[in-house]
Amino acid sequence: MMDMQPIVIVGTGLAGYTVAREFRKLDAETPLVLLTTDDGGYYSKPMLSNALAQGKTADSLLLSTAEQMAIQLKAEIQADTAVTGLNISAKSLRTSRGDQPYSKLILALGADPFRISLQGSGADAVLTVNDRTDYARFRSAIAGKRRIVILGGGLIGCEFANDLVGADFSVSVIDLAPQPLGRLVPEEVGVAIRDALTHAGVDWHLGTSVTNVDRTDKGFDVRLKDGTALQADAVLSAIGLRSRVQLAKDAGLEINRGIVTDRMLATSAPDVYALGDCAEVDGLVLPFVMPIMHAARALARTVAGQSTPVSYPAMPVVVKTPSYPLVVSPPALGSEGEWAVERLADGTRARFVGADGSLLGFALGGSAVAEKQALTKLLPATLS
């Protein structure tokens, strides 16, 4: 007898909804259930870090409601539903609505913002923005205010800094590294974006960290390790993301930095798959849009009966910093080679070149972003 238990997807972010869409292109009939802790609305998460200057509210970011998505996908979407356990042998999830059986399970759990330990009476008021609800809370906290302190000068920190100064806020960014984007680009490119954002109005505090955040009558007193004191109306943490693995860990699945999968997106449990920010695919954790799209297409085929290993081409990341346009494709971890940096009249071209002269990565700033397509063709595949 045909197994009529549904395919269940946990998560309705970009990963969950994209794999559902791709699956429906191949199979219009198999029951499909999506579970999510939020309202299930579909929106573009990357828009969160550049929505303020465009005057976007949390509501105006919404592209489709859960009800609309359910119709589009011919699926059951259980919003406001917490998944509290996974029984591998019974092929069932424990949820706040009761048990949910599955024929195949796809974990698209996403990631949580990394939070550093801070001292002070205002430490609990430090904000993060990881979804529309967070964004609504952040907009409410800064309404009618001016001074924003951002913890973290990485990709998200730089994007928020540029967006906030573009919306006429006074912005200070704190990072332990000597220049922004220290993990993605060579020093010269980091300095270039620092200078461009400084010109736009961003105040940098680099090579130091935050020790205390205390409430005051006028907002917050932010103390740095180098002795600096900053006054803020709100503090935003943008330090990085940590894959959501607890559900999988509790169920006995193999985890490392993320939920460990092979090239088929299969976890260590039968009929359980993972993709997106929660997954470590063949050793890679890639919390960006393009890896999700490639993984979703491959996994949809596999779940529909057409076993398809995922392949990742070179996937440059466009950094949303209009004050200094930037596109980066960092070399693979452990790559042997060195950065060759050229300063242009209105930009920076940085190429990471291997010992044999091959191009292994790049960072293009300013006018050099026009070279993205040409240089991407020269890069090796991320996962071939």
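**A buried arginine and its surroundings**

Author: Arginine 132 is buried, with a relative accessible area of 9%; the cut-off for buried is under 20%. The model is a predicted one. Arginine 132 lies in helix H3, which covers residues 132-142. Leaving aside residues up to four places away in sequence, arginine 132 touches Asp39, Tyr43, Leu48, Ala58, Asp59, Leu61 and Leu62.

Leucine 93 has a relative accessible area of 0%, so leucine 93 is buried. Leucine 93 belongs to strand S7, residues 92-95. With residues up to four places away in sequence again not counted, the contacts of leucine 93 are Val8, Val10, Leu35, Val83, Gly85, Leu86, Gly98, Asp99, Gln100, Tyr102 and Leu105. Leucine 299 stands 206 residues from leucine 93 along the chain, and 20 Å separates their C-alpha atoms.

From single residues, we turn to a pair of helices. Two packed helices are described by the angle between their axes and the distance between the axes. Helix H1 (residues 14-26) packs with helix H2 (residues 66-73) at an angle of about 25 degrees, and their axes are 10 Å apart. Because angles under 35 degrees count as roughly parallel, H1 is roughly parallel to H2. On the H1 side, the contact is made by Tyr17, Ala20, Arg21 and Arg24; H2 contributes Ala66, Met69, Gln72 and Leu73. Sorted by class, the contact of H1 with H2 has 5 nonpolar, 1 polar and 2 charged residues.

Methods
Residues are numbered from 1 along each chain as its sequence is written. This is a predicted model: local features need pLDDT of at least 70, side-chain atom pairs count only at pLDDT 80 or more; totals for chains, interfaces and linings use all residues. Side-chain values use heavy atoms; hydrogens and water are left out. Axes are lines fitted to C-alpha atoms, for helices over the stretch in contact, and angles run from 0 to 180 degrees between N-to-C directions. Helices (H or I, at least four residues) and strands (E, at least two) are DSSP runs, numbered from the N terminus. Angles under 35 degrees count as roughly parallel, over 145 as roughly antiparallel, 65 to 115 as roughly perpendicular and the rest as oblique. Contact means heavy atoms within 4.5 Å. Ala, Val, Leu, Ile, Met, Phe, Trp, Tyr, Cys and Pro count as nonpolar, Asp, Glu, Lys and Arg as charged, and the others, Gly among them, as polar. Buried means under 20% relative accessible area, exposed over 50%, partly exposed in between (1.4 Å probe, protein chains only).
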